[in-house]
Amino acid sequence: MIKNLRRGLIAAVLAFAALAPTPAQADEFTLMEGIASLPIADEIREGYKRELYPHWKDDDKNGCSARNDVLISEAIEAPTVGAGCTLTGGVWHSYYDDAVVRGPAGVDIDHMVPLAEVHDSGGYGWSTERRRRYANDLGSEVTLVGVSARSNRQKSDQDPATWMPMEAVHCRYVGEWVVTKKRWGLSVDEAERTALFRYAAGCPDVMLSYESAA
């Protein structure tokens, strides 16, 4: 993947997950249309445990965990990749807070829709295999994102009703949130939906597309 390059293109044209349409991919639609099409349901947190979502696995068998795959692809200055996919050096840009992070230890790989929120929004009914696929999703440019540890800890498992990144990237963030929820067939609750519409009102030109997860 050349994820850092694609992220630049996404930011430039405000078109999230902007791959060429394929038969398996939804047609392009507006951000408002995307929000309106998300199913509405109360959240169900019962039974959630982080270990129910096996993460940072090497599902593509390339010798690197999903975490390290994202670090390598999103680096603005490439890290050195050693034996066992050990990473040293490298520089990353955290779009949540416009921070520059040097060294992989300071970068958190955020699940755009946090694992607890996934569980609340439909993941409670998923198989372990589907949960694993979400937690290590390299098939979308937006499910996993490298950000500063500070911003990721601030976000925690909150949805846009209670947490947003800095104002300059609200349109991008809401677009990527909606694309991820649609890709994985997740619902929204009323407070989340209201917040998404409120933020989307300032993003009239944002167009979205996505490919449904298998």
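**Entry 1**

I began with the contacts of N68, taking contact to be heavy atoms within 4.5 Å. Once neighbours within four places in sequence are set aside, N68 is in contact with C85 and L87. This is a predicted model, in which local features need pLDDT of at least 70 and side-chain atom pairs count only at pLDDT 80 or more, while totals for chains, interfaces and linings use all residues. Residues are numbered from 1 along each chain as its sequence is written, and side-chain values use heavy atoms, with hydrogens and water left out.

N68 sits in helix 3 (residues 66–74). My helices are DSSP runs of H or I with at least four residues, my strands are E runs of at least two, and both are numbered from the N terminus. Is N68 buried or exposed? I use buried for under 20% relative accessible area, exposed for over 50% and partly exposed for in between, with a 1.4 Å probe and protein chains only. N68 comes out at 15% relative accessibility, so it counts as buried.

I then checked the rest of that helix. A66, N68, D69, V70, L71, S73 and E74 are its buried residues. That is seven of the nine residues of helix 3, which is therefore largely enclosed by the rest of the structure.

**Entry 2: confidence and overall make-up**

I looked up pLDDT, the predictor's confidence in each residue on a scale from 0 to 100. The protein chain averages 90, and 88% of the residues score at least 70. Residues 1–24 have pLDDT below 50, although this stretch has 51 contacts in the model beyond near neighbours in sequence. Where pLDDT is low, the predicted coordinates should not be read in detail.

I noted eight helices and nine strands in the protein chain. Of its 214 residues, 50% are buried. Among contacts between residues at least 6 apart in sequence, 73% join residues at least 24 apart.

**Entry 3: salt bridges**

My rule for a salt bridge is a side-chain nitrogen of Lys or Arg within 4 Å of a carboxyl oxygen of Asp or Glu. By this rule I get 10 salt bridges.

K155 and D110 form one, with their closest N and O atoms 2.7 Å apart. This pair links distant parts of the chain, with K155 in helix 6 (residues 149–155) and D110 in strand 7 (residues 107–111), 45 residues apart. K155 counts as buried at 0% relative accessibility, and D110 counts as buried at 4%.

What does E117 pair with? Its salt bridge is with K181, and the closest N and O atoms are 2.7 Å apart. Here helix 4 (residues 115–120), which holds E117, is linked to helix 7 (residues 170–183), which holds K181, across 64 residues. E117 is buried with a relative accessible area of 2%, and K181 is buried with 0%.

K181 also forms a salt bridge with E192, at 2.8 Å between the closest N and O atoms. E192 belongs to helix 8 (residues 190–200) and is 11 residues from K181. At 0% relative accessibility, E192 counts as buried.

I also wrote down a salt-bridge network that links R45, D120 and D157.

**Entry 4: helix 8**

Which residues of helix 8 are buried? They are E192, A195, L196 and A200. These residues lie on the same side of helix 8, because they cover an arc of only 130° around the axis, judged by the directions from the helix axis to the C-beta atoms. The cover over them includes helix 2 (31–37), helix 4 and helix 7.

**Entry 5: nonpolar cores**

I call a nonpolar core a set of buried Ala, Val, Leu, Ile, Met, Phe, Trp, Tyr and Cys residues joined through side-chain atoms within 4.5 Å. The largest has 36 residues, and L31, Y96, Y173, V178 and L196 touch the most other members. Two or more residues each come from helix 2, helix 4, helix 5 (128–135), strand 8 (144–148), helix 7 and helix 8. Helix 7 gives the most, with six residues.

Beyond four places in sequence, L196 is in contact with I35, L38, P160, V174, W177, V178 and V188. Another core lies apart from the largest one and has 11 residues, among them V70, A75, C85 and L144.
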